[in-house]
Every structure is written in C-alpha cells, then in structure tokens.
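Work through the exercises below with the sequence and the 3D structure at hand. Each task is followed by a solution in steps.

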Amino acid sequence: MRSMEKITDVEEIIRLLNEDFAHEIENTMIYVRNSFIIKPCDPSRVTESISVDEMRHMWWLADLIVKQGGKPSMEHSELEFGGDDLRSQLERQIELETEAIERYKQHIELIDDTEVVGVLKHILDEEKRHRKEFRMRLAQLDE
Ligand SMILES: [Fe+2]
Ligand SMILES: [Fe+2]
C-alpha cells in the first residue's frame, strides 16, 4: 500500500535538507557550549565528541544541498541549551536527538532520491547512537 506521495521536486528536497541542516547547526552549537559548562569529565567529553558528529552532518547535508543546486541556509532558531545543570542539559540533548530521529525518519519516507536517502539513513543511525550515549549518562546520575 502506498499511502504517501514521494517527493521528487528538487526545490522541495532542498527545502527539507535545509531544515535538517539548520537543526544540525543548532545541535552543534548547543553541544559545543554545553561541553564546556558540564564539569564531570565523561559526559563533557561525550558531548564534545558528539558535537563534532553534528558538524560532520552539516557537511554531508551541505554537500547534498549544493549537488541539488541549492545553498545551505545558515538560519536557525534561538538556541535552547537546557540550563546549566547536568541533568537538565542531558534531558535537553536527549530531546534534541529524539526530534532529529523523528525528522530524519520522516524525510527518509518522503524523499525519492537514492543518494539523499542513503546519507539520511547513515545520519539517522548516528542520531540513535547519540541518544543512547546521552541516555546512559542520564541513567548514571541515578546510580
Ligand atoms: Fe546530527
Ligand atoms: Fe545527534
């Protein structure tokens, strides 16, 4: 059963990729900032290393956007860091990963372009791993 019309329009694909790109900018900046605020070494280093993954996602998306004839949009929303407390920061970071996972799943369903979908699936796998890493650090706070 095909319940959904796949998107083949290039402008529309560029728009969706730019939406993903803007969120990657936000996550990169939020994690860079939080990695310096978080005091305990392990969650701080994990957040730092995941910020690098998010920036790599920016590059992959920018590459797809330019190949499709678009330009990466640098517009992003106001940054919400999750406060200065480790627990609330980890909760916010888990929330950001969940939003990313849902958005990538949706875009993978919608877009009809093998190369684009391949890259989005790779990013989706990494976002799932990020959420697992942050969830582990949150669970360790209760030990
Ligand atoms: Fe990402
Ligand atoms: Fe992520």
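This is a predicted model: local features need pLDDT of at least 70, side-chain atom pairs count only at pLDDT 80 or more; totals for chains, interfaces and linings use all residues.

**Exercise 1. List the buried residues of α3 and state what covers them.**

Step 1. A residue is buried if 20 or more other C-beta atoms lie within 10 Å of its own, exposed if 12 or fewer, and partly exposed in between; C-beta atoms are placed from the backbone.
Step 2. In α3 the buried residues are L86, Q89, L90, Q93, L96, E97, A100, Y104 and H107.
Step 3. Their cover includes α1, α2 and α4.
Step 4. An α-helix has 3.6 residues a turn, so residues three or four places apart point the same way.

**Exercise 2. Repeat both checks for α4.**

Step 1. The 27 residues of α4 should span 39 Å, and its end C-alpha atoms are 40 Å apart, which agrees.
Step 2. V116, L120, I123, E127, H130, F134 and R137 are buried in α4.
Step 3. These buried residues pack against α1, α2 and α3.

**Exercise 3. Is Y31 buried or partly exposed, and which is D53?**

Step 1. Y31 lies in helix α1, and D53 lies in helix α2.
Step 2. Y31 has 26 C-beta neighbours inside 10 Å, so Y31 counts as buried.
Step 3. D53 has 17 other C-beta atoms within 10 Å and is therefore partly exposed.
Step 4. Two residues are in contact if their C-beta atoms, placed from the backbone, lie within 7 Å. Leaving aside neighbours within four places in sequence, Y31 is in contact with T47, I50, S51, E54 and Q93. On the same terms, D53 is in contact with E126 and H130.
Step 5. For D53 and E126, the C-alpha separation is 8.1 Å and the sequence separation is 73 residues.

**Exercise 4. Describe the largest nonpolar core.**

Step 1. A nonpolar core is a set of buried Ala, Val, Leu, Ile, Met, Phe, Trp, Tyr and Cys residues joined through C-beta atoms within 7 Å.
Step 2. The largest one has 18 residues, of which L17, F21, L61, L64 and I65 touch the most other members.
Step 3. Two or more residues each come from α1 (10–37), α2 (41–67), α3 (86–110) and α4 (114–140). Helix α1 gives the most, with 7 residues.
Step 4. Not counting residues up to four places away in sequence, I65 touches I14, L17, N18, F21, G70, K71 and P72.

**Exercise 5. How many helices and strands does the protein have?**

Step 1. The protein has 4 helices and 0 strands.
Step 2. From the N terminus on, the order is α-α-α-α.
Step 3. Of the 143 residues, 28% are buried.

Technical notes
Residues are numbered from 1 along each chain as its sequence is written. Chains are lettered from A and ligands numbered from 1 in the order in which they are written. The expected span of a helix is 1.5 Å times one less than its number of residues.
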